[in-house]
Amino acid sequence: MTNATIARELADMLTGRREHVGDPAVGWTPILDLAAEHQLLPALWSALRRRGIPELPPVLARAQRSPLAILSSRHAENVARTSDLRAQLDRILDTLEVAGIDAIPFKGAHWLEADLLPDPAAREMVDLDVLVPSTLADDAELALSRIGYRTRAEPPDAEPTDHQLPAMFAPGRTGSVELHAEPMVAFRRRLLSADEVRERAETVVVDHMKRRLPDATTAMTLLIGHAQLQEDGARLLELPLRALHDLHALGPALRSDVDWDDLTHRFHRLGSGGRVALAGFAVSAREYFDVVLPVPTTSGAMWLRATEEALARPRAADGYRQAAYLPRALRAERMGRLHGADRGLGLWGARLTHIGAGAVHRLRRGGR
């Protein structure tokens, strides 16, 4: 049994392609482990409920010993979490509107606000992403601080946040809010900029309130772009199961409104990396979730085969990913933030120091 087999089994259960009367063919433990890794436990319970599996009696749901009890409990927890996040999002957008700030929720926050998902609680969310004008980002942060939000400290080795402010949270509330000046990090911004998001945003009425929301093309570009490029999934050969499930859950209505020629152009103008990222996502969507995207798929099948090989050989894949991620890890802006040097000989010294510290850390970890 390979991890690719487990991934396909999980996708079958999420889409309802196969009926599972008892245990899935590969067993429950690997299915639950993979679903947890990709934040898909609530989605799996939601999929099983749609196929007629009844709610568990409270005493069984609380036991959390059987696979179904684990799934039921995680979904119930996410119902409360999602409800709280939606309430926070409405208050955040209202607050920013009163402050005269053009705020546009995107990614999961967009889908939550627009009620695009058949079961909002099927999707795990840890934060709310909201785009604000860069010139008003500090004002937006101040407006949220006045209603109780506080800045969350970031670890010293965190990725440079050249596109967003530090996360904010309200004590006693779920998750956090991330105010973005741009939807993508700087070196991915050719895919989609904040100005382009605003130009294409649509004004819609949600619960009697006017909201500015991304159009379908923007939403799909961000969905694929974040999974494959911003998070380096395409280069690191990581199967984007969560994003693929999002694509499936959003349904054909949203996909029919996408300008696929425009989306394809955006990925292809990034060069071979962008073309492979889009093609790999499209082939994975077809193979795992029966969703056909009208985009070129040249090199997509090869990327998926390589990704499934990485799933089958996790140790070799880890070595490859460390090497593949190194150029991003050693970027000048990151070295400046971590080691105080971002140019000239100081930059190269910082890079050597960083590589050495990483090697020592791995040796110590391996000796435990």
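Trainee: Where does Ala234 sit?

Mentor: Ala234 is placed in the loop between α9 and α10 (241-256). Helices are DSSP runs of H or I with at least four residues, strands are E runs of at least two, and numbering starts at the N terminus. This is a predicted model, where local features need pLDDT of at least 70, side-chain atom pairs need 80 or more, and totals for chains, interfaces and linings use all residues. Residues are numbered from 1 along each chain as its sequence is written, and side-chain values use heavy atoms, without hydrogens or water.

Trainee: Why is Ala234 called buried?

Mentor: Its relative accessible area is 9%. Buried means under 20%, exposed over 50%, and partly exposed in between (1.4 Å probe, protein chains only). Ala234 is therefore buried.

Trainee: What does Ala234 touch, beyond four places in sequence?

Mentor: Gln228, Ala277 and Trp303. Contact means heavy atoms within 4.5 Å.

Trainee: Thr221 is in helix α9. What makes Thr221 buried?

Mentor: Its relative accessible area is 1%, so the label buried applies. Leaving out residues up to four places away, Thr221 touches Leu191, Leu192, Leu263, Arg266 and Phe267.

Trainee: How do α9 and α12 cross?

Mentor: Two packed helices are described by the angle between their axes and the distance between the axes. For α9 (residues 216-230) and α12 (residues 272-289), the axes come within 10 Å and cross at roughly 115°. Axes are lines fitted to C-alpha atoms, for helices over the stretch in contact, and angles run from 0 to 180 degrees between N-to-C directions.

Trainee: Which residues of α9 and α12 meet?

Mentor: Ile224, Gln228 and Leu229 of α9 meet Gly273, Ala277, Leu278, Gly280 and Phe281 of α12. This contact has 5 nonpolar, 3 polar and no charged residues. Ala, Val, Leu, Ile, Met, Phe, Trp, Tyr, Cys and Pro count as nonpolar, Asp, Glu, Lys and Arg as charged, and the others, Gly among them, as polar.

Trainee: Why are α12 and α13 called roughly perpendicular?

Mentor: α12 and α13 (residues 300-312) pack at about 75°, with axes 7 Å apart. Roughly perpendicular covers 65 to 115 degrees; under 35 is roughly parallel, over 145 roughly antiparallel, and the rest oblique. So the pair is roughly perpendicular. Its contact residues divide into 7 nonpolar, 3 polar and 2 charged.

Trainee: How do you know that the span of α14 is close to the expected one?

Mentor: α14 (residues 314-329) has 16 residues and reaches 21 Å from first C-alpha to last, against 22 Å expected. The expected span is 1.5 Å times one less than the number of residues. Buried residues in α14 are Ala317, Arg321, Ala324, Arg328 and Ala329. Their cover includes α9, α13 and α15 (332-339).

Trainee: What makes the phi of Gln39 worth a look?

Mentor: Most residues other than glycine have a negative phi. Gln39 is not a glycine, yet its phi is positive, about 60°. Ser299, in the loop between α12 and α13, also has a positive phi, near 80°.

Trainee: Why is Ser299 called partly exposed?

Mentor: Its relative accessible area is 30%, so Ser299 is partly exposed.
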